[in-house]
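Dear colleague,

Please find the sequence and the structure below. My notes on what was found follow after them.

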Amino acid sequence: MKKYSNGKSIYLILILIFTVCFNQSAVSAAEKRVTLSMVGDVLLHTPVVKASDDGKGGYDFKPIFKNLKNVIESYDIAIVNQETIPGGKELGISGYPAFNAPYEIGDAIADGGFDIVLHANNHALDRGKKGVVNTLKYWKSKHPLLAVLGMYGNKKDSEKIYVAEKNGIKIAILNYTYGTNGIKPPADMPFAVNYLEKARVEADIKKARRMADFVVVCPHWGTEYNMGISDYQRYWTDIFLKNKVDLVIGAHPHVIEPIEWVKDKKTGHRMLVYYSLGNFVNATAMTGAIGNRYIGGMAEVTIIKEGEDRARVGEYGITALLAHREDKRNGFAVYKLSEYTEKLMSKHQARTVHKGFNLKYCIDICNKVWGGLWK
């Protein structure tokens with residue numbers, strides 16, 4: 001073995017260290033990463049609002065989000081589907097079927113670590129034009145750094161493609177709904193809500209692909225309380241795939257649905273689809289086997305860009321969530337299913353009507369729908 005003096009040994013060690021560091025820098029410069037998460041529907045049924053009354057004339061929804069705040073904040077981009085408009089007290093606080101929430105729900109969402117709020121859903125027009133105006137005014141004045149998608153106050157804004165740029169990757173995010181419960185947009189605001197209209201959606205995706213490295217579509221679609229994939233979802237999945245969307249994360253069914261890769265046989269393009277994340281928080285009607293409506297998911301995706309290539313999906317998965325419900329002040333909170341306890345389950349109000357609702361039931365549902373993807 002060749003021997004070196006101490007001086008030469010130190011010199012060679014320094015060269016080795018420099019080479020390793022340089023190579024690591026080159027790798028990190030070539031590969032960029034963004035972490036993205038999304039949770040499902042925030043449905044403020046009357047019991048949720050009642051339990052969040054702060055006793056001082058206002059509301060405090062922050063306890064609902066507190067268990068996941070640190071997790072949500074850890075992602076580069078965190079998305080929430082806000083199904084209830086925050087139109088404020090002046091419109092009258094109400095639950096199903098025509099929702100309207102206190103402004104404080106927005107404060108809790110902002111405090112909870114979310115970056116993007118989705119508003120294209122079937123309840124977007126529950127309070128007509130005034131509901132849209134109040135909602136947008138609230139977000140703009142109180143939380144201007146949060147991006148609000150799917151609902152717009154003017155035509156110019158409705159035509160913009162939202163692009164988030166994080167860690168050197170440009171990510172376009174689009175949000176649409178299948179409908180608004182038969183309520184038409186205001187006559188002078190036909191642009192108020194984004195609908196799943198083929199020509200518009202395809203044009204938006206093409207524009208988004210020119211502007212960004214990666215395209216995400218968040219559709220409000222599917223069949224309520226159906227844990228399978230509907231023909232309507234298949235129809236739109238095919239449209240998204242043919243137009244080379246990279247990631248789809250859906251909402252609306254109020255229960256969880258499968259996650260799968262789909263591939264275009266002609267182009268070879270692959271797209272990851274989360275069909276439904278279920279509810280994030282709700283207080284659904286207390287009748288029947290309703291336990292699956294309290295199971296939700298947090299989609300977790302790492303987006304990777306290497307060199308000049310378009311970005312792609314890297315690691316992905318889903319964290320199972322469970323929405324706790326008790327008939328008391330601050331009785332609603334969301335937990336990771338892995339951290340939920342039998343003691344908490346014994347207090348869950350849904351058990352009074354769904355006797356088979358327990359931890360095993362929740363785990364079995366997640367296994368059935370998501371297989372080995374969840375944690």
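**The sheet**

In this predicted model, strand E8 (residues 247-249) and strand E10 (residues 270-274) pair in the parallel sense over three bridges. Two strands count as paired if DSSP finds at least two bridges between them. Helices (H or I, at least four residues) and strands (E, at least two) are DSSP runs, numbered from the N terminus. Within this pair, valine 248 stands opposite valine 273 in E10.

The local features given here need pLDDT of at least 70, side-chain atom pairs count only at pLDDT 80 or more, and totals for chains, interfaces and linings use all residues. Residues are numbered from 1 along each chain as its sequence is written, and side-chain values use heavy atoms, with hydrogens and water left out.

E8 and E10 belong to an open sheet of six strands in the order E5-E6-E7-E8-E10-E9, with mixed pairing. Its edge strands are E5 (163-166) and E9 (259-263), each of which pairs on one side only. On average, neighbouring strands of this sheet are turned by 20 degrees against each other, direction ignored. Axes are lines fitted to C-alpha atoms, for helices over the stretch in contact, and angles run from 0 to 180 degrees between N-to-C directions.

**Helices on the sheet**

H8 lies across E5, strand E6 (169-177) and strand E7 (214-220), and runs at about 170 degrees to E6. H9 packs on the sheet as well, touching E7, E8, E9 and E10, and its direction makes about 145 degrees with that of E10. Contact means heavy atoms within 4.5 Å.

How do the axes of H8 and H9 cross? The axes of H8 (residues 198-211) and H9 (residues 231-242) come within 10 Å and cross at roughly 35 degrees. Lys198, Val201, Glu202 and Ile205 of H8 make the contact with Tyr235, Trp236, Ile239 and Phe240 of H9. By class, this contact has six nonpolar, no polar and two charged residues. Here Ala, Val, Leu, Ile, Met, Phe, Trp, Tyr, Cys and Pro count as nonpolar, Asp, Glu, Lys and Arg as charged, and the others, Gly among them, as polar.

**Salt bridges**

The structure holds 15 salt bridges, each a side-chain nitrogen of Lys or Arg within 4 Å of a carboxyl oxygen of Asp or Glu. One of them joins glutamate 300 and lysine 375 (3.8 Å, N to O). Glutamate 300 lies in strand E12 (residues 295-306) and lysine 375 in the segment after helix H11 (359-370), so the pair ties together parts that are 75 residues apart in sequence. Glutamate 300 is buried at 10% relative accessible area, whereas lysine 375 is exposed at 55%. Buried means under 20% relative accessible area, exposed over 50%, and partly exposed in between (1.4 Å probe, protein chains only).

Another salt bridge pairs aspartate 111 with lysine 69, with the closest N and O atoms 3.3 Å apart. This pair links helix H5 (residues 104-111) to helix H4 (residues 69-73), the two residues being 42 residues apart.

**Backbone points to check**

The peptide bond from tyrosine 96 to proline 97 is cis, with omega near 10 degrees. Proline 97 lies in the loop between strand E2 (77-82) and H5.

Histidine 252, in the loop between E8 and E9, has a positive phi of about 115 degrees although it is not a glycine. Histidine 252 is buried, at 3% relative accessibility.

Regards
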